[in-house]
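This briefing is meant for a reader who is meeting the structure for the first time. It begins with one term, then gives an overview, and then turns to separate topics.

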Amino acid sequence: MIETTSTSLKNDTIEASATPKNPQHPMEKNEINNNNDAAKPSTWTVKQTPQDSSFVPTLGVFLFLGWNGILVFLILYTGLVATKTQRSVIIGLSTLSLVLPRGFPGKLGFKAGNWFMFQSAKYFGLKTVLEDENAIGEIKDKAAIFACEPHDIIPYYAFAFNPILKRLPGHHGERNSVLVTSALFMLPFIRHVYTWVRANRVDKTTFLGNLKKGESFCFIPGGVQEVMFMEEADDNEVILYLQKRKGFVKLALETGSPIVPVYCFGVAGSYGHWIPKGDFFNKLGRAIGFLPLIYWGRFGIPYGIPKPCQLTVVFGAPIDVPLEGGNVSKESVDKYHCQYLMEMEALFDRHKGDVGCGHMKLKIM
């Protein structure tokens with residue numbers, strides 16, 4: 001439970017400084033302790049937007065997340081129903097979207113993206129909890145890697161990192177992006193929308209480029225393979241695919257960039273789904289950057305927007321890593337990867353009771 005000690009209302013966002021009733025948490029003997037130990041917080045910084053899933057916020061979320069369904073509809077309509085003229089218009093507009101720069105039409109597009117973000121925060125009643133805001137704010141002159149989980153069907157909760165929402169301190173909140181599968185930037189219309197909301201490709205070039213420029217970002221290390229395990233989890237379990245995800249730790253060590261564990265509660269269950277099984281689909285998903293599946297959201301609409309589940313995004317304390325440059329050792333990678341896994345599990349356990357998930361267990365594969 002959380003006791004609110006101070007509250008203010010600004011721009012429809014409730015800000016609070018919160019102190020856990022039980023701040024002490026036992027540590028495993030073999031656990032690697034971090035200097036910024038979030039297991040013993042003095043205060044947690046809590047910000048929440050009151051939830052509103054009425055027409056206007058729903059419209060904003062539709063224009064942000066509804067494009068998968070729009071594209072499916074256009075493909076079916078073009079192939080089965082459209083007249084020759086209609087088919088020419090649809091194909092022409094889609095081609096034009098692929099030819100135009102991703103940021104088109106410039107400021108107008110980014111202004112629209114900002115509006116999508118504000119409406120999404122309302123629709124999902126976005127709540128963010130920073131266990132150590134000061135430690136994050138003290139990371140200056142370099143980037144931080146916000147390694148978020150879970151992936152789920154679509155990790156749309158990453159919109160919480162958008163600078164317009166001002167949920168992070170310092171330059172991390174001013175210049176922050178979300179790295180997503182490159183496949184999204186090869187799809188008409190979607191490529192523009194995700195650019196407007198400050199998303200970018202999750203490839204090594206972009207990853208390292210941001211770190212060297214000192215620009216923080218978030219990404220989901222579990223990736224598309226995590227979706228495959230959703231069918232294997234029971235009702236009281238969340239499976240994260242992280243045991244083999246060490247590449248980002250190596251890049252963090254190369255640049256001396258701290259890693260911040262982040263977990264989102266509420267995203268599970270926002271979509272109904274059917275996930276194909278087998279090695280073929282697993283390999284196909286890894287190859288194309290997303291898993292071919294069937295999902296449905298609000299009102300049962302296939303490939304529609306998510307149900308208006310209340311989202312709580314919790315941020316652990318930064319994990320400081322040394323700067324090893326081009327001489328990163330396997331031992332260092334294993335050490336800090338292990339610490340990230342333990343911090344992620346501890347973060348989940350500290351907050352699950354506050355969001356009604358006290359019965360849930362985290363399983364890391």
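A residue is called buried when its relative accessible area is under 20%, and exposed when that area is over 50%. Leu165 has a relative accessible area of 11%, so Leu165 counts as buried. The model described here is predicted. Its protein chain has 365 residues, of which 50% count as buried, and its secondary structure comes to 12 helices and 14 strands. Among the contacts that join residues at least 6 apart in sequence, 78% link residues at least 24 apart.

- Leu165 is placed in the loop between β5 and α6, and, apart from its neighbours within four places in sequence, Leu165 is in contact with Met117, Phe118, Ala121, Leu126, Phe159 and Ala160.
- Pro163 lies in the loop between β5 and α6, and Pro163 is buried because its relative accessible area is 15%.
- Leaving aside neighbours within four places in sequence, the contacts of Pro163 are Gly173, Glu174, Asn176 and Arg198.
- Pro163 and Val197 are 34 residues apart in sequence, and the distance between them in space is 9.3 Å, C-alpha to C-alpha.

**Backbone details**

- The peptide bond from Glu149 to Pro150 is cis, with omega about -5 degrees, and Pro150 lies in the loop between β5 and α6.
- Another cis peptide bond runs from Phe104 to Pro105, where omega is near 5 degrees, and Pro105 belongs to the loop between α3 and α4 (107–123).
- Asp152, which is not a glycine, has a positive phi near 55 degrees; Asp152 sits in the loop between β5 and α6 and counts as buried, at 9% relative accessibility.
- Phe299, which is not a glycine either, has a positive phi of about 65 degrees; Phe299 lies in the loop between β12 (294–296) and β13 (312–315) and is exposed, with a relative accessible area of 67%.

**Helices and their packing**

- Helices α1 and α2 pack at an angle of about 60 degrees, and their axes are 6 Å apart.
- In that contact, Phe62, Leu63, Phe64 and Leu65 of α1 meet Trp67, Asn68 and Ile70 of α2, and by class these residues are six nonpolar, one polar and no charged.
- Helix α2 also packs with α3 (residues 84–99), at an angle of about 145 degrees and with the axes 9 Å apart, in a crossing that is left-handed.
- Leu74, Tyr77 and Thr78 of α2 are in contact with Gln86, Arg87 and Ile90 of α3, a set made up by class of three nonpolar, two polar and one charged residues.
- In helix α8 (residues 204–213), the buried residues are Thr206, Phe207, Leu208, Asn210 and Leu211, and the elements that cover them include β5 (145–149), β6 (176–180), β7 (199–201), β8 (216–219) and α10 (247–255).
- After α8 comes Gly214, which has a positive phi near 80 degrees.

**Cavities and a pocket**

- The structure holds three cavities of 30 Å³ or more, and the largest cavity contains about 60 Å³ of space.
- The lining of the largest cavity consists of Phe64, Leu65, Trp67, Asn68, Ile154, Ile190 and Tyr194, to which α1 (55–65), α2 (67–80) and α7 (190–196) each supply at least two residues.
- By class, the residues lining the largest cavity are six nonpolar, one polar and no charged.
- The second largest pocket has a volume of about 430 Å³ and is lined by 23 residues, of which Asp152, Glu237, Val238, Ala268 and Gly269 lie nearest its centre.
- Strands β9 (237–240) and β10 (259–265) each supply at least two residues to the lining of the second largest pocket, and this lining has 16 nonpolar, four polar and three charged residues.

Technical notes: Residues numbered from 1 in each chain as written. Predicted model: local features only at pLDDT ≥ 70, side-chain atom pairs only at ≥ 80, totals over all residues. Heavy atoms only, no water. 1 Å grid on protein atoms, 1.4 Å probe; cavity = no way out; pocket = protein on both sides within 12 Å on 5 of 7 lines; lining within 4 Å. Points joined across faces, edges and corners; volume = space filled by probe spheres on them. Helix = DSSP H or I, 4+ residues; strand = E, 2+ residues; numbered from the N terminus. Nonpolar A, V, L, I, M, F, W, Y, C, P; charged D, E, K, R; others polar. Axes fitted to C-alpha atoms, helices over the stretch in contact; angles between N-to-C directions. Left-handed = near helix turned anticlockwise from the far one by under 90°. Contact = heavy atoms within 4.5 Å. Buried < 20%, exposed > 50% of the residue type's maximum accessible area, 1.4 Å probe, protein only.
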